[in-house]
Amino acid sequence: MQKTIQYIRAELAPFYPETEISGFVQMIMNSVLGLSYTQMIIEKDRVLETFESDRIKAIVERLKTHEPIQYILGVAEFYSLELKVQPDVLIPRPETEELVEWICKTELPESAKILDIGTGSGCIPLALKNELPATDVMAVDVSENALAIATENAKKNKLDVSFDRVDILKWHERSWPQFDVIVSNPPYVMEREKKQMEANVLEHEPALALFVCDTDPLIFYRTIAQFASKQLNENGYLFFEINENLGDEMVALVKQLGFKSIELRRDLNGKNRMLRCQK
């Protein structure tokens, strides 16, 4: 065990900071050997089976290419849930956990009807259903592959969330119920911002879920806000995760559409990341 941990640290040292490598060690040992951090210490002299060592070496080699460890292991943690993730869906971010927390702390009807738009792995609706079990939660996405993963995550976590394939840019083409909450973390990274992004995101995460054209970066927000102005109940809430550089534009957008009680909130890194408003 000790030699294996030393091997992981030595192999990854040229590629990652020490703090990140320590996290990798714990995730690898938990995934391959089923050990917690405490068990790793207790079993420090354990001799690994050949297949276990081979699996760890394969993970390390993939990490050297900056492939996200969540995709390598096939799982990600989000708001106390373990979710399956593949390159068809974004890896859930801590900032999105902050958005979920804000929704959970908002005064809502106990049996509120909630819609998540662009659900990906299902992280937002599943976390909301887990925290607010009396709510009726629905989620949509344009990607069939994403919906398959989200559905699997719902079954895995025994959470009753309904999923449907919808291109929200064509929301007029179907009928909708009314909602108390509409939430979305849509594509918001502008093409010109690519050069500022880490290689592991650019090369591995789905572009469909990330990028919008520079000429109309608010296309999804504008469409979803227009949709919400029709489909939210009176005093219903609209929540967005947003591009940190477009906070003022987002406030102006929802104000123009008649929303009230508009609040922009910073994430733990001090960046404008979330917006809440009411119909």
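**H1 and H2.** The contact (heavy atoms within 4.5 Å) takes in Thr4, Ile5, Ile8, Arg9 and Leu12 from H1, plus Glu18, Ile21, Ser22, Phe24, Val25, Ile28 and Met29 from H2. Sorted by class, that contact has 8 nonpolar, 2 polar and 2 charged residues.

**Ground rules.** I am looking at a predicted model, where local features need pLDDT of at least 70, side-chain atom pairs need 80 or more, and totals for chains, interfaces and linings use all residues. Numbering runs from 1 along each chain as its sequence is written, and side-chain values use heavy atoms, with hydrogens and water left out. Helices are DSSP runs (H or I, at least four residues), numbered from the N terminus.

**Angle of that pair.** I looked up H1 (residues 2-12) against H2 (residues 18-33): the angle is about 140 degrees and the axes are 10 Å apart. Axes are lines fitted to C-alpha atoms over the stretch in contact, and angles run from 0 to 180 degrees between N-to-C directions. H1 and H2 are therefore oblique (under 35 degrees is roughly parallel, over 145 roughly antiparallel, 65 to 115 roughly perpendicular, the rest oblique).

**H2 and H4.** Next I checked H2 with H4 (residues 50-63), which pack at about 140 degrees with axes 10 Å apart. This crossing is right-handed. On the H2 side I noted Phe24, Ile28, Met29, Val32 and Leu33; on the H4 side, Glu52, Arg55, Ile56, Ile59 and Leu63. I count them by class as 8 nonpolar, no polar and 2 charged.

**H6 and H7.** Then I went to H6 (residues 94-105), whose axis comes within 10 Å of the H7 axis and crosses at roughly 40 degrees. H6 and H7 are therefore oblique too. Thr96, Leu99, Val100, Ile103 and Cys104 of H6 touch Ile124, Ala127, Leu128 and Glu131 of H7.

**How covered is H7?** In H7 (residues 123-131), 7 of 9 residues are buried (under 20% relative accessible area; exposed is over 50%, partly exposed in between, 1.4 Å probe, protein chains only). Among them are Cys123, Pro125 and Lys129.

Definitions and conventions:
Helix = DSSP H or I, 4+ residues; strand = E, 2+ residues; numbered from the N terminus. Nonpolar A, V, L, I, M, F, W, Y, C, P; charged D, E, K, R; others polar. Left-handed = near helix turned anticlockwise from the far one by under 90°.
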